[in-house]
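Please read this report with the sequence and the model side by side, and look up each residue as it is named.

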Amino acid sequence: MKAAIIESVGTAVVGEVPDPTPGPRDVVVEVAACGLCGTDLHILQGEFAPTLPVVPGHEFAGTVVGTGVDVTEVRVGDRVAVDPSLYCHECRYCRTGHNNLCERWAAIGVTRSGGAAQYAVAPVANCVRLPDHVRTEDAALIEPLSCAVRGYDVLRARLGAHVLVYGSGTMGLMMLELAKRTGAASVDVVDVNPDRLATARQLGVSAAGASPDELDRPQGWDVVIDATGNAAAIQDGLDRVAKAGTFLQFGVADYATRVTIDPYRIYNQEITITGSMAVLHSYERAAELFAGGVLDPDVFISDRLPLDRYPEALSRFAAGEGRKIVVLP
């Protein structure tokens, strides 16, 4: 079958790989669409250090075309979205409910072959059937939405909060949409990319600008969310948290990123600094929210490219072009 392959650090190609074979509790999915994510860039750059070569793609949906001998939950022809998370269910973190911090954490499209291919294998437990009105090629958005849902689980957002989001790429826009639905009094967005900021305005923000200095909240924000992973944005965001407020590190920074904190201010103003890692008991809820229309796929997906153009899609994503870019096997 045809697949995108990250062959080595810095090299992505499209080539032929063997057709996948399901285990007893696996299904084979004919992929309809696979989204690109910052994780794919980290793999390409060698920062996540999976075993290469690997077929990337952890945001995907498609149609079941094969099942293992012990699969009864889905049938051939069912349309599904796939949670890529793979846990051991045995380590201390899994046993205490923190599966996303699993000591043997793995993921489809990261540590094993993923959805940037004609076919992909997934455990049946990771598959969520799609309702009739959801287009299969749009359902690649469910996985990133599930990460955003996890972020709001961590925040435990309270009604009437003033929220500031750094970054209006796909994840920043998802955090914006969820903030609007969790009772925020205001949601502001900052981004240096004017095209992406225009999309934030289209979706509806209280205020938007290239810097928080352009916004009228000198006392700071109750909740500050970094969705960029950029050191300058993170550093600036830490200084914008209001007293008794919370800073959420949601964007994926590279390993070398460092910022400075002010311990006395954290103590004196009771500021919380926290993080959110991927998906945790949030995929099914994200699928239900998606089916309920929490996101407009035609706004969030800016580019739909054939799988043959995967290297180009990666380059465009790395350059900050568009919003969510998906490839169509």
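The paragraphs below go through strands, core, salt bridges, surface and backbone in turn.

This is a predicted model, in which local features need pLDDT of at least 70 and side-chain atom pairs count only at pLDDT 80 or more, while totals for chains, interfaces and linings use all residues. Residues are numbered from 1 along each chain as its sequence is written, and side-chain values use heavy atoms, with hydrogens and water left out.

**Strands and their partners**

Helices (H or I, at least four residues) and strands (E, at least two) are taken as DSSP runs and numbered from the N terminus, and two strands are said to pair if DSSP finds at least two bridges between them. Strand β1 (residues 2–8) pairs with strand β2 (residues 11–16) in the antiparallel sense over six bridges, and within this pairing the bridge partner of I5 in β2 is V13. The two strands form a hairpin with two residues between them, and G10 in the turn has a positive phi of about 85 degrees.

Together with helix α6 (residues 231–238), β13 and β14 make a right-handed β-α-β unit, where right-handed means that, with the strands pointing away from the viewer, the path from the first strand over the helix to the second runs clockwise. β14 also pairs in the parallel sense with strand β15 (residues 272–275), over four bridges, and there F247 has I273 in β15 as its bridge partner.

**The nonpolar core**

In soluble globular proteins, nonpolar side chains tend to be buried together. A nonpolar core is here a set of buried Ala, Val, Leu, Ile, Met, Phe, Trp, Tyr and Cys residues joined through side-chain atoms within 4.5 Å; buried means under 20% relative accessible area, exposed over 50%, and partly exposed in between, with a 1.4 Å probe and protein chains only. Which residues touch the most other members of the largest nonpolar core? Of its 45 residues, they are I142, L145, V163, I225, F250 and F300. The elements that give two or more residues to this core include α3 (142–155), β10 (162–166), β13 and α9 (297–300), and the largest share, seven residues, comes from α3.

**Salt bridges**

A salt bridge is counted when a side-chain nitrogen of Lys or Arg lies within 4 Å of a carboxyl oxygen of Asp or Glu, and by this rule the count comes to 16 salt bridges. Three of them are listed here.

| Pair | Distance, N to O |
|---|---|
| E73 and R25 | 2.8 Å |
| K324 and E59 | 2.9 Å |
| R129 and D78 | 3.7 Å |

E73 lies in the loop between β4 (59–67) and β5 (79–82) and R25 in the loop between β2 and β3 (26–35), so this pair ties together parts that are 48 residues apart in sequence. E73 is partly exposed at 37% relative accessibility, and R25 is partly exposed at 36%.

The pair of K324, in strand β17 (residues 324–328), and E59, in strand β4, links parts that are 265 residues apart. Here K324 is buried at 3% relative accessibility, and E59 is buried at 1%.

R129 in strand β9 (residues 127–129) and D78 in the loop between β4 and β5 are 51 residues apart, and D78 is buried, with a relative accessible area of 16%. Salt bridges that share partners also join D303, R309, E312, R316 and E321 into one network.

**A surface patch**

Patches are made of residues with over 30% relative accessible area and no salt bridge, with like charges joined within 9 Å and nonpolar side chains (Val, Leu, Ile, Met, Phe, Trp, Tyr) within 5 Å. Accessible areas come from the Shrake-Rupley method with a 1.4 Å probe, and for residues only the protein chains shown count as cover. V259, I261 and I273 form a nonpolar patch of this kind on the surface, with about 230 Å² of accessible area together. I261 is found in the loop between β14 (241–249) and α7 (263–268), and is partly exposed, with a relative accessible area of 46%.

**Backbone details**

A cis peptide bond, with omega of about 0 degrees, joins L52 and P53, and P53 is found in the loop between α1 (38–44) and β4. A278 has a positive phi of about 60 degrees although it is not a glycine; A278 is placed in the loop between β15 and α8 and is partly exposed, with a relative accessible area of 26%.
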